[in-house]
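Colleague: I am new to this structure. Please take me through one part of it closely.

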Amino acid sequence: MSYILRDLKEKADAIEDVLDRLLPSAQDPEFRLMDAVRYSTLGGGKRIRPYLVVSGAALFSVDERCALRAGAAIEMIHCYSLIHDDLPAMDDDDLRRGQPTCHNKFDEATAILAGDVLLTKAFEILGEPETHADPAVRAELVVSLARASGDAGMVGGQMLDLMAEERDLGIPEITRLQRLKTGALISFSCEAGGILGKAPEPQRHALKAYAHDLGLAFQIADDLLDVEGTAEEVGKATGKDEAAGKATFVSLLGVERAREQANMLADQASQHLDIFGEKADCLKQLAQFVVKRRT
Ligand code: GRG
């Protein structure tokens, strides 16, 4: 575990520098907007998605500066989703990453706009030549991230999640919901390295399969933390799914079976990467970190 914790920290520091440069403070009268953007993006989070991009890109010897820009773009989408998810119209949360949520620190309208800035900035960055010299690669990144984030991905999953409050879902429906809500962005994070590195199909396929199992393992671990973790550990309110009467992997499988399932998925995710040899060791260790984490 110590290697992956060190490596995560190193890559998180690198991504922090890139985000800091890409999201500068503003001097204009509307400076409050960028204050809210920076508040919600800098100085927190595990940065798992950028880690997946940078480590996946390293398999194909992609220039790390390009991978960090793509990783920063995905982190911006992730942070926008957290800001909007915390709003009173959605989950109505007070705490995120151990701090007051964006709408509590600023106000609701500013939080909505801060999310909008991050959503649009992500595509601006992917479209710029510094992200990749080949315009076809940039276009593929843009289209794939749009698909992962929109109606057929994260936003569609969020809609299903809102509807789940009025319907009893079973395992197949929850699996689909989570594949869209959290899995699609995790999948894109894994596939982005292959896109940047113009990887051949078998390697892309292996990354996709890894992402598929990792995404589900991540979500089950998140559900377990909601049941077993404290707000201090997790940095947000826990016990919310149960209080809302929401079906989750844990409520349907029970704690023990859910943990077994998460561990099995993490092992299976690692096996898909065997074709890369030792070069993929960090991604294999990340899969173990995802299911053992307490934050
Ligand atoms: C409102 C457009 C919109 C989308 C919301 C992904 C999502 C959809 C909401 C996020 C809220 C949430 C708690 C999702 C469950 C899993 C998840 C994404 C947890 C947070 O991700 P981590 O653990 O967080 O990577 P950090 O803070 O480490 O970045």
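Colleague: Leaving aside its neighbours within four places in sequence, which residues is Arg49 in contact with?

Modeller: This is a predicted model, where local features need pLDDT of at least 70, side-chain atom pairs count only at pLDDT 80 or more, and totals for chains, interfaces and linings use all residues. Residues are numbered from 1 along each chain as its sequence is written, and side-chain values use heavy atoms, with hydrogens and water left out.

Beyond those neighbours, Arg49 is in contact with Ile74, His78, Leu185, Ile186, Ser189 and Phe218. Contact means heavy atoms within 4.5 Å. With His78 there is also a side-chain polar contact of 3.3 Å. (Such a contact is a pair of N or O atoms within 3.5 Å; within protein, one must be able to donate a hydrogen and the other to accept it, and residues adjacent in sequence count only if both atoms are side-chain atoms.)

Arg49 sits in helix H3, residues 48-58. Helices are DSSP runs of H or I, at least four residues, numbered from the N terminus. Ten of the eleven residues of H3 are buried. Their cover includes helices H1, H4, H9, H10 and H15.

Now the ligand. Among the closest of its 20 surrounding residues are Arg49 and His78. A ligand oxygen is 2.8 Å from an N or O atom in the His78 side chain. H4 gives the largest share of the shell around the ligand, six residues.

Conventions
Helix = DSSP H or I, 4+ residues; strand = E, 2+ residues; numbered from the N terminus. Buried < 20%, exposed > 50% of the residue type's maximum accessible area, 1.4 Å probe, protein only. Near = heavy atom within 4 Å.
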